[in-house]
Amino acid sequence: MKKITLIFNLHQPFRLKRYRFFDIGNDHYYYDDFENEEIIRRNNEQTYAPANEALLQLMEQNPDFKVSFVISGTMIEQLETFAPETIHTFKLLAETGRTDFLATPYAHSIASLFDKKEFEYQMRLHSRNVTSLFGITPSVVCNTELLYNDEIAESVYALGYKGILTEGAKHILGWKSPNYLYQTNNAHPIKLLVRNAAISDKIQVLFGRYDSGDYPYTVDKLLRAIQSLPTDEEEVVLYMDYEVMGTLWSAATGIFDFFKALPHMAQEAGIGFSTAKESIERKALGGALEVRYPISIIGEAKDSSPWLGNELQEGAKELLLKWGERVRITRDNNLLQDWLYLQSADHFYYMNTRKELVGTFSPFDTPFAAFTNYMNVLSDFILRIETEYPSSIENEELHALLSTIDNQNEKITQLQRELDMLKEKH
């Protein structure tokens with residue numbers, strides 16, 4: 001039986017305010033609170049709230065309907081602050097038992113490309129957060145922007161996950177179909193879900209475009225395309241931004257009606273649904289996929305160049321790599337929080353100089369303006385690290401000192417408890 005694995009992605013970064021050179025050392029708050037709140041509230045009104053309500057109704061009306069989500073840690077934080085009612089409806093979706101949540105780098109970072117320890121740290125942090133909030137322990141990974149190669153797969157395996165989602169890039173698949181469950185090509189293979197880019201993009205990219213050859217794109221057309229697949233092509237992974245409902249395509253285009261009609265019409269067509277977790281539990285009929293160099297969901301090239309394709313981005317990356325280990329051994333929660341927010345891939349994307357991508361979703365006029373702003377913020381952040389934990393102290397020595405302090409604090413607490421008990425006896 002053919003199955004649709006419907007996966008929605010939600011992410012918003014903490015956008016940086018305009019931060020000048022003269023702010024370095026004087027202003028330690030980096031974020032555009034007005035812009036961040038405005039975007040979350042607007043998207044919640046247009047997409048998150050009505051889409052969650054629609055999915056809850058579909059779950060009630062269609063017992064076989066299932067859906068999966070990828071929600072970054074920075075997105076969860078902002079929803080908790082500006083739209084807590086939407087967090088509540090995500091919890092209600094989780095309680096249906098037919099909703100899955102995938103693990104992803106907490107800050108939607110590109111650390112998997114250059115800092116394995118940071119990648120592992122953010123994956124663990126995100127999984128703990130999802131488990132605590134929604135009561136679901138992720139077993140499948142969706143890396144930032146579907147970034148993937150064999151090396152990343154090895155890191156995902158080491159973290160204990162059972163599967164990973166990636167893009168159905170033509171130069172990787174070749175003659176192969178995305179509609180199989182594959183496995184990773186490394187010493188410890190795990191399951192590999194592949195996004196059906198053609199069908200997913202007909203919804204996300206082309207749905208409301210009058211110049212599209214498929215306009216209007218209907219559920220009928222989607223289901224006929226799936227039914228026409230060879231019998232053994234059973235895994236159809238549709239992955240798209242949640243904002244496809246209401247924000248990317250307004251309600252007036254019929255996008256909500258499209259998704260509301262999908263479960264019932266799919267059932268009539270003999271097509272089912274599965275969560276990402278259920279999908280990876282099946283047999284990998286497609287064999288192994290070898291991916292030596294990073295692939296992603298972005299652009300024609302489907303590579304990592306939107307984030308690490310020029311000298312500006314490489315310069316920013318080198319600073320993050322240089323200071324990562326020191327930041328991770330600090331005990332200052334404010335520093336750790338800012339470090340996470342500065343990791344978001346969006347900051348690197350704004351610096352890209354690829355002609356077809358320049359200015360896309362960027363609040364900055366030019367890639368250089370984005371780079372300058374980010375580096376000013378990063379310079380102030382590094383000054384704070386230097387003040388708190390001078391670089392004259394080696395990382396190993398600093399770690400040992402902090403461990404000693406922790407042990408001493410634990411001993412003092414223990415002695416205080418014993419003293420309190422003695423006082424109570426007398």
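**Labels and their grounds**

Mentor: Start with F348, which sits in helix 14, residues 345–349. Keep in mind that this is a predicted model.

Trainee: How far is F348 from E151?

Mentor: The two are 197 residues apart in sequence. In space, their C-alpha atoms are 21 Å apart.

Trainee: Now the backbone. What makes the bond between Y215 and P216 a cis peptide bond?

Mentor: Look at omega, which is about -5° for the bond joining Y215 and P216. Most peptide bonds are trans.

Trainee: Where is P216?

Mentor: P216 is in a loop, with helix 7 (197–204) on one side and helix 8 (219–227) on the other.

Trainee: What is noted about the phi of L146?

Mentor: L146 is not a glycine, yet its phi is positive, about 60°. Most residues other than glycine have a negative phi. L146 lies in the loop between strand 4 (140–142) and helix 5 (150–158).

Trainee: How do you know whether L146 is buried or exposed?

Mentor: Its relative accessibility is 0%. The cut-off for buried is under 20%. L146 therefore counts as buried.

Trainee: And K302, what is its phi?

Mentor: K302 has a positive phi of about 55°, and K302 is not a glycine either. Its loop runs between strand 10 (288–289) and helix 11 (305–308).

Trainee: K302 has 14% relative accessibility. Why does that count as buried?

Mentor: Buried covers values under 20%. K302 has 14%, so K302 counts as buried.

Trainee: What makes L248 buried, exposed or partly exposed?

Mentor: L248 comes out at 37% relative accessibility, so L248 counts as partly exposed. The residue lies in the loop between strand 8 (235–241) and helix 9 (255–268).

Trainee: Which residues is L248 in contact with, beyond its neighbours within four places in sequence?

Mentor: Q204, D241 and E243. L248 and Q204 are 44 residues apart in sequence, and their C-alpha atoms are 7.7 Å apart.

Trainee: Where does A284 lie, and what does it touch?

Mentor: A284 lies in the loop between helix 10 (276–279) and strand 10. Not counting residues up to four places away in sequence, A284 touches L181, Y182, Q183 and K191. A284 and Q183 are 101 residues apart in sequence but 6.2 Å apart in space, C-alpha to C-alpha.

**The whole chain**

Trainee: How do you know whether the chain agrees with a compact globule?

Mentor: For 426 residues, a compact globule would have one near 22 Å. The chain has 23 Å, which agrees. The C-alpha trace spans about 75 × 60 × 45 Å along its principal axes.

Trainee: How much of the chain counts as buried?

Mentor: The share is 55% of the 426 residues. The accessible surface comes to about 19600 Å², and 52% of that belongs to carbon and sulfur atoms.

Trainee: How many helices and strands are there?

Mentor: The chain has 16 helices and 10 strands. Among contacts between residues at least 6 apart in sequence, 77% join residues at least 24 apart.

Trainee: Which domain does UniProt list for residues 5–282?

Mentor: The unreviewed UniProt entry lists "Glycoside hydrolase family 57 N-terminal" there. Over those residues the chain is 42% helix and 14% strand, with the end C-alpha atoms 13 Å apart.

How values were computed:
Residues numbered from 1 in each chain as written. Predicted model: local features only at pLDDT ≥ 70, side-chain atom pairs only at ≥ 80, totals over all residues. Heavy atoms only, no water. Helix = DSSP H or I, 4+ residues; strand = E, 2+ residues; numbered from the N terminus. Rg over C-alpha atoms; globule rule 2.2 N^0.38 Å. Buried < 20%, exposed > 50% of the residue type's maximum accessible area, 1.4 Å probe, protein only. Contact = heavy atoms within 4.5 Å. Areas by Shrake-Rupley, 256 points an atom, 1.4 Å probe, with all protein chains shown as cover. UniProt positions renumbered as here; feature names shortened; annotations may be inferred.
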